[in-house]
Amino acid sequence: MAALYASRSVKVAVVSKLYPTRSHTGAALGGIGAALGNEEEDRWEWHAFDTIKGGDYLVDQDAAEILAKEAIGAVIELEHMGLPFDRTKEGKISQRRFGGHTNNESGKPVRRACHAADRTGHMILQTLYQQCIKNNVAFFDEYHVIDAIMAGDRVAGVVAINIADGELHVFSAKAVVFASGGWGKCWETTSNAHSMTGDGASVLFRRGIPMEDMEFFQFHPTGLYPTGFLITEGVRGEGGVLLNGRGERFMEKYAPKIKDLASRDVISRAIAIELREGRGVKGKRYLHLDLRPDTINRYLAEAGETRRIDAHYIETKLAETCDQARTYAGVDPLSEPLPIQPTAHYAMGGIPTNVNAEVIANAAGKVVGGLYAAGECACVSVHGANRLGTNSLVDLIVFGRRAGLRAAEYAKGADFAPMPANPAREAEAELNRIRTANGKTKPQVLRKKMQSTMQDLVGVFRNGPDMEKALGIIRELRHTFKTDLSIDDRGHKFNTDLLEAWELGSLLDLAEVTTFSALNRTESRGGHAREDYEKRDDANWLKHTMVHRQADDSLSVEYKPVTITTYQPKERVY
Amino acid sequence: MDVTMRIRRYNPEKDKKPYWATYEIKDCEPTNRVLDMLHRIKWEQDGTLTLRRSCAQGICGSDAMRINGRNRLACKVLIEEFGERPKIQVEPILGLPVVKDLVVDMEPFFDHYRSVMPYMVNDTPAPVGADGQPRERLQTIADRERFDDTTKCILCAACTTSCPSFWANGQYIGPAAIVQAHRFIFDSRDQALEQRLELLSDENSVWRCRTIYNCTPACPRGIEVTRAIGEVKLAIQKGDR
């Protein structure tokens, strides 16, 4: 999105370690929220408030207002670019219900998620790539960015390795936008792609940019068991229900008003409690998500709704879900409920930016010249302590557009920043160190240990002693990574052994910051649920965490106030 | 269960020509996928084994390869399909130059993709709502349904590299590019129909298709590829969608 908008006025290159259509946006399924009001009354103010409430009041409210307001125009623009949204009878963009999106007057779920079947992310990714081709954007496909070049308080470019031949390239740029995604691969059970290793965030963190609100990582309630692949919230938006091992619709107990459409943190905790108290299915670590037409229709009738659905409807509206369930769980969702478990899904925190997507260097909001970030890697913060479903796509469209426009504007009024001598030197040295390392430990051993540690000790529920332990382990792993690593492939061409090790280095850095930030925040809020501090503590913790890497490799914290415009924090009830 | 993997290997920095290597993997689950097997080899036995993969759930299109002679996504094939003692042969997709092991040069494929104007063209002013703001262009449910199948394409190249016409002549744009063209030809909102049909009637375009039908079963997304190509041929003959 950023590249497309910037390309309308300046020369743009996209540098990506994957072919652009391989990015994980393509795995987003259920929809993109925008208060179009095509199906029923809706207002952008309601979307903004739902976002703030969903984020447990850690959301910067000015950013949430921009998100909700600009979502409308941005979705319409996607449609104009050719995005094949599903349609209503009147030919308008079709909208469905999603968790936490409500009519603020009645408190009932509202149809706000614009969708193209259940492959909305795929269609967004394809559509934006298509339009970039139309606009002659230059693509450097399979170039892996491994460093950012800083020149004083501005950015001068990036260093990337051309994966095909292993050559390093220095990209000189007046402005740079990071849209490099999240780091779900820190955990064992995750909906994330193998490539979600947080390289972009990690590169900037090493170059002195702080990481904001890293303790907030979302666990999506419905990962397919046992792989952790995402089953869209759209299933519940269409009427699907969660059932425990006794066949009880347990969300009635945890969120009496909107039940299975409560926000994700609430449902993931409910599932974790059900599992912990022995109400899993057949004594195993999963529950059921039931989308059989009979079940859905029974609950629709119970809720007094006239709408009824049939197998064909499920098969078309949730085509990807049906395919995934059949392929990976061997379950036909039309005749059996799906086995599900919470799965590590989305980074609410990340590279700190202001509402113009400009990266900031400290809690005072000092802007780094020419440097921008948007999408999951960034923290504006519109998601606060817990992201609402569909808002990841809204975020990357709205703030991607802002990043592109701002970056272009900046580039037009700036010269190239002076390039330091031999700007690729440090990255090259580190790459060569890994390539030729003669230690005893394979990356896979470290990766497995990191993932199980994060899964067991920094998961849906956390506590101090567990996280102390996790921090110690992660730091040990980082040490081993630096001193005792070895890989098999010492070549230059398409060396994925080397790049996987590089990615592990990024993950370890971010796992450490995540654990450090989570240990530091002594309250429970949104996706950060501490067993030793069960309550939200606005008096002490209504503020963003900003963690810096110090020259001696230690971590330090400062805090940034939350921007409050209209909505005073109150207790969250669904 | 134990699995035997036979893999076509080639390292341009070491090998004069490709060769077959065999790996034994112990204690596999029937629901493991071929991609899991490749990862276990890479992570436990030989880190030099090279392949592309990303999402591992059949949506990114990175890991198309020839598995026991058929083009599949390694992340979408469960090993249980090969019996109780699976023997699985894996090689790169055919018709594109091999870069290393299972990785092929995708540039010729993407060149063909880019050649079919794979983007919406509609320069008419957008509708405006009661509030003066732009609104969506309307499309009926039936018009939207018309090109639904071809919007599923993930550009994995499984269809194109299963096509004997493409193997014989790399200039042929191949099924995937035609699928992408179909997605716009049959979209009622698009206004470049004439130009598209002209492009697609090029000698290296749809008429190279001999309806061999390899592409349809190769598609991991279940797209009826041959049918889509047939519809494009018909549209060219009619001069209309």
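**Close-up views of a two-chain predicted model**

**View 1. Val15(A) and its surroundings.** Val15(A) counts as buried because 20 C-beta neighbours lie inside 10 Å; the term buried asks for 20 or more other C-beta atoms within 10 Å of a residue's own, exposed for 12 or fewer, and partly exposed for anything in between, with C-beta atoms placed from the backbone. This is a predicted model, in which local features need pLDDT of at least 70 and side-chain atom pairs count only at pLDDT 80 or more, while totals for chains, interfaces and linings use all residues. Residues are numbered from 1 along each chain as its sequence is written, and chains are lettered from A and ligands numbered from 1 in the order in which they are written. Val15(A) belongs to strand E1 (residues 13-16) of chain A; strands (E, at least two residues) and helices (H or I, at least four) are DSSP runs numbered from the N terminus. Leaving aside residues up to four places away in sequence, Val15(A) touches Phe140(A), Tyr143(A), Val145(A), Val158(A), Ala160(A) and Phe171(A), where contact means C-beta atoms, placed from the backbone, within 7 Å. Phe139(A) is 124 residues apart from Val15(A) along the chain, yet their C-alpha atoms are separated by 6.3 Å.

**View 2. The nonpolar core around Ala374(A).** The largest nonpolar core has 250 residues, and Tyr372(A) and Ala374(A) have the most contacts inside it. Such a core is a set of buried Ala, Val, Leu, Ile, Met, Phe, Trp, Tyr and Cys residues joined through C-beta atoms within 7 Å. H16(A) gives the most to this core, with 13 residues. Not counting residues up to four places away in sequence, the partners of Ala374(A) include Ala2(A), Val177(A), Leu396(A) and Phe399(A).

View 3. Follow the order E11-E14-E13-E12 in chain A to trace an open sheet of 4 strands with antiparallel pairing; strands pair if DSSP finds at least two bridges between them. At the edges are strand E11 (217-224) and strand E12 (241-243) of chain A, each pairing on one side only. Neighbouring strands of this sheet are turned by 45 degrees against each other on average, direction ignored. E11(A) and strand E14 (residues 338-347) of chain A share 6 bridges in the antiparallel sense, and Gln218(A) stands opposite Tyr346(A) in E14(A). Helix H8 (residues 264-276) lies across E11, strand E13 (287-290) and E14 of chain A, at about 60 degrees to E11(A); axes are lines fitted to C-alpha atoms, for helices over the stretch in contact, and angles run from 0 to 180 degrees between N-to-C directions.

**View 4. The hairpin of E21(A) and E22(A).** Strand E21 (residues 543-549) and strand E22 (residues 555-561) of chain A run antiparallel and are joined by 7 bridges. Arg549(A) stands opposite Leu555(A) in E22(A). Among the 5 residues between the strands, Asp553(A) takes a positive phi near 80 degrees.

**View 5. Where chain A meets chain B.** This contact takes 42 residues from each of chain A and chain B. On the chain A side, helix H3 (61-80), helix H4 (120-134), helix H11 (319-329) and helix H16 (496-520) each supply at least two residues. H4(A) gives the most to this side, with 6 residues.

Note on methods: Two residues are in contact if their C-beta atoms, placed from the backbone, lie within 7 Å.
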